[in-house]
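My notes follow, entry by entry.

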Amino acid sequence: MKSRWTVQRWALWVGVGALLLLLFPGRAWAQGGTQSGSLNATDINGLFGIVLLLAILVFFLVEGLLVFAIIRYRRRSNDEMPEQVHGNNRLEMGWTLGSAVLVLVLFFFTLGFYQQPRGLPANSEPLSVQVTGHTWYWEFFYPDSGVRLVSTTDTFRVPAGRPVVLEITSADVQHSFWIPELAGKVDAIPGRVQRMWFQVDEPRTYVGQCAEYCGREHYNMLIDLEVLAEPEFAAWYGEEAAAVAAAAEVDLQAEAAALTGDPAAGAVLYQDIGCVACHALADVQVVGPSFLGLGARAAERREGYTADEYLRESILHPCDFVVSGFTCVMPQTYGDQLSPQDLADLVAFLNQQ
Ligand code: CUA
């Protein structure tokens, strides 16, 4: 008898300790599971509210009956035997039907929720972000700009007041993307892309985390979303995109410089990409300067630049250094079109003129 009491007392203290631990849920408060920061999260929270209300009613009903039975039918003396009951058809029908009705009510609320139009707001220009789960961090890629954020320390940013479409996948095991205030969970599954969208109007930071157990550091697979006012977002996005473009161009120029150009291939490109429309090879001015004698001029044109450097720079940034007497109308997109070998071939061709 004595040892059983000790076991019970241990169990009690462990239980109390576990309850106290629930008071310190770390980021859970900040995730504010019952607020809705996004258009579509409002629907989800509404449904959650209904389920919660029903669950509270059921809880009090069941616990109330339990407490009632404990007090009403407790053993009052050691030799007393409580009334023994076996089976009650009415009661069993009652709780079976009662539960079925509850489940049906939930079913119809959920059905209504799924039947609502759940597409993006009409006439919107959503920002698209590709999200990839890795063990154990998230990668965010903005396909329109080439901006890539990898690691948990990177804050992922989106503009306020504009729909954001996430294309979610995983590079390894199954993860789940969840920012409770914004929308439901979406699993990140290898080999599959799942879409979700949200639109947030209040600029501030929203936090979330991986919601599918994925290994040792699952707990640390956090998401920080910073929603910025449109101008601030545009400034950040522009800076990041420019840095990406600059890095890509340094690569392009460096790779082209390391290659040997083929003048014959350059002559074909001169026709194909349209240089011929504005630059004649003979001493004729069309729209831009003639290429006649360009090889000799290129080395002298710009201080600190070799002929090759000057030619590469002029193809990628034609408007930075314009020959006097001309206005710059040349496309500034050759950096996106040309491979390093193309650039080397063109430079070799132009040097021969
Ligand atoms: Cu990723 Cu849990």
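**Entry 1: cysteines**

I started with Cys 328, which is partly exposed at a relative accessible area of 29%. My scale: buried is under 20% relative accessible area, exposed is over 50%, and partly exposed lies in between, with a 1.4 Å probe and protein chains only. The model is predicted, so local features need pLDDT of at least 70 and side-chain atom pairs count only at pLDDT 80 or more, while totals for chains, interfaces and linings use all residues. Residues are numbered from 1 along each chain as its sequence is written, and side-chain values use heavy atoms, with hydrogens and water left out.

Which cysteine does Cys 328 join? I found a disulfide to Cys 319, with S to S at 1.9 Å. A disulfide here is a pair of cysteine sulfur atoms within 2.5 Å. The count by this rule is 1 disulfide. The torsion about the S-S bond of Cys 319 and Cys 328 is about -70°, so I noted the disulfide as left-handed. Cys 319 is partly exposed too, with a relative accessible area of 27%.

I then checked Cys 278, which is in no disulfide. The nearest cysteine sulfur belongs to Cys 275 and is 8.9 Å away. Cys 278 is partly exposed, at 26% relative accessible area. Cys 210 is buried, at 1%.

**Entry 2**

Next I followed Cys 210 into its strand. Strands here are DSSP runs of E with at least two residues, helices are runs of H or I with at least four, and both are numbered from the N terminus. Two strands pair if DSSP finds at least two bridges between them.

Cys 210 is the bridge partner, in strand 9, of Phe 177. Strand 6 (residues 175-178) and strand 9 (residues 205-210) pair in the antiparallel sense over 2 bridges. I traced the open sheet of 5 strands in the order 4-10-9-6-7, with mixed pairing. Which strands stand at the edges? They are strand 4 (156-159) and strand 7 (186-188). Each has a single partner strand, so one side of each lacks a neighbour in the sheet. Neighbouring strands of this sheet are turned by 30° against each other on average, direction ignored. Axes are lines fitted to C-alpha atoms, for helices over the stretch in contact, and angles run from 0 to 180 degrees between N-to-C directions.

Strand 1 and strand 2 run antiparallel, joined by 5 bridges. Val 131 stands opposite Phe 140 in strand 2. Strand 5 (residues 164-170) and strand 8 also pair in the antiparallel sense, over 5 bridges. I noted Trp 197 in strand 8 as the bridge partner of Val 165.

**Entry 2: a cis peptide and a histidine**

I looked at the loop between strand 1 (127-134) and strand 2 (137-142), where Trp 136 sits. The peptide bond from Thr 135 to Trp 136 is cis, with omega near 0°.

What does His 218 touch, leaving aside its neighbours within four places in sequence? I listed Trp 136, Cys 210, Ala 211, Glu 212 and Tyr 213. Contact means heavy atoms within 4.5 Å. His 218 lies in the loop between strand 9 and strand 10. His 218 is buried, at 15% relative accessible area.

**Entry 3: helix packing**

Helix 5 (residues 230-258) lies across strand 4 and strand 10 (222-228), running at about 130° to strand 4.

Last, I checked helix 6 (residues 263-272) against helix 10 (residues 340-351). They pack at about 95°, with axes 7 Å apart. That makes helix 6 roughly perpendicular to helix 10; the cut-offs are under 35 degrees for roughly parallel, over 145 for roughly antiparallel, 65 to 115 for roughly perpendicular, and oblique for the rest. Helix 6 contributes residues including Leu 269 and Tyr 270, and helix 10 contributes residues including Leu 346 and Phe 349.
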